[in-house]
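Hi there,

Here is the structure I promised to pass on. Have a look at it first, and my notes follow below.

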Amino acid sequence: MKIIFPDSTTETMVGEPVRIGRILDRLGINPSEVIVSRNGKLVPEDAIAGGDEVIRIIRIAHGG
Amino acid sequence: MICGEQPVIRLREPDRHLCAAHLIAEVEERAARTIRERELIKPHDRIAVAFSGGKDSTALLVILSRLLPSWEDVSLVAITVDEGIAGYRDDTIRAAEELTRKTGTEHVCVSFKDLVGADLDTLLVGRETQACSVCGILRRKALSVAAHNAGAIKIATGHNLDDEAQSVLMNTLRGDLPRLVRTSDADSSDCFIPRIKPLADISEKEIAAYLFVQDLFPFLPECPYTRYALRLEVRSMLSAMEQKHPGTMRNLIKSKRAIEKQVGRRVMSEPLRRCRQCGDPCSGELCQVCMLRASLGK
């Protein structure tokens with residue numbers, strides 16, 4: 001599974017399918033501060049991702 | 001889940017999953033309810049939409065332009081303020097122009113250069129840590145002037161539930177009770193153009209998801225001055241609390257409203273004065289813009 005971070009860097013994760021919320025936990029990202037797409041479609045944090053799927057994490061907070 | 005479609009977001013309070021269509025319907029209905037219940041928009045109003053091209057103001061303009069036919073003789077004018085921030089504002093202004101074209105909204109662009117003769121980058125040399133307060137003061141002024149010139153009687157801003165909760169906490173942390181209970185609504189309309197916040201009941205995440213599912217989410221760069229903002233720390237603290245204890249932000253706003261009811265009038269009982277330099281309403285001898293101008297030598 002390929003993860004695209006808010007700064008456009010990427011990381012490949014291998015292993016069993018996993019809840020997106022778990023991925024965010026592992027990365028230390030607060031789910032309230034991002035939205036996540038799986039293969040281009042928006043999904044909630046309790047959706048499962050794995051295999052060849054592309055997960056994109058989009059930061060939502062901007063401005064001062 | 002309400003229907004059999006794939007969910008795009010999980011909301012709490014109450015805990016539920018929504019598909020794209022139900023999310024769009026719910027966000028628009030909640031904004032419409034806020035407007036209706038707080039009587040934010042009335043027949044014949046001309047509304048200036050503070051429109052930076054970022055996500056909140058994009059959602060605001062999209063929602064207001066969709067609701068527009070349901071109001072009697074209401075018109076919108078979108079106002080974009082170009083602060084003059086290199087590598088940041090150009091993209092958002094382009095995004096703003098594109099959306100106003102799509103929604104058929106009248107669009108006015110004003111700049112700090114027009115207002116004080118210099119862009120924000122120039123004004124902030126050597127005082128970068130004050131970026132957000134300098135920018136905030138000048139942006140409010142630029143918006144008021146542009147709204148007045150466009151004949152608007154209200155200014156709609158894209159402040160969302162998270163922004164409102166952050167402001168409550170920031171003003172509390174600063175011990176600033178007058179600002180905590182200050183209102184810019186119709187009570188002060190004889191002095192200021194009243195501000196309305198139709199998205200105040202919608203979370204930042206709901207707004208981002210609302211735009212994303214319609215291919216309207218603006219992927220734009222972060223303001224380079226954000227790192228100096230107290231709001232950044234407060235935002236991170238509050239969103240961690242909200243994640244652990246859903247309802248934290250709403251409860252903060254509820255507390256603010258309770259304090260407002262109890263002490264609002266007493267705290268605000270001092271009459272507003274006029275700035276001796278420009279004549280604008282203010283609480284002291286000089287308004288914030290004139291004080292800022294003096295300190296900047298402008």
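**Notes on chains B and A**

In this predicted model, seven of the eight residues of strand 4 (residues 75–82) of chain B are buried, so this strand is largely enclosed by the rest of the structure. Buried here means 20 or more other C-beta atoms within 10 Å of a residue's own, exposed means 12 or fewer, and partly exposed lies in between, with C-beta atoms placed from the backbone. Strands (E, at least two residues) and helices (H or I, at least four) are DSSP runs numbered from the N terminus.

Strand 4 of chain B runs parallel to strand 3 (residues 46–50) of chain B, joined by five bridges; pairing requires at least two DSSP bridges. Ala50(B) sits opposite Ile79(B) there.

In chain A, Asn39(A) lies in the loop between strand 4 (34–38) and strand 5 (41–43). Asn39(A) counts as exposed because it has 11 C-beta neighbours inside 10 Å.

Residues are numbered from 1 along each chain as written, with chains lettered from A and ligands numbered from 1 in written order. Local features need pLDDT of at least 70 and side-chain atom pairs 80 or more, while totals for chains, interfaces and linings use all residues.

Best wishes
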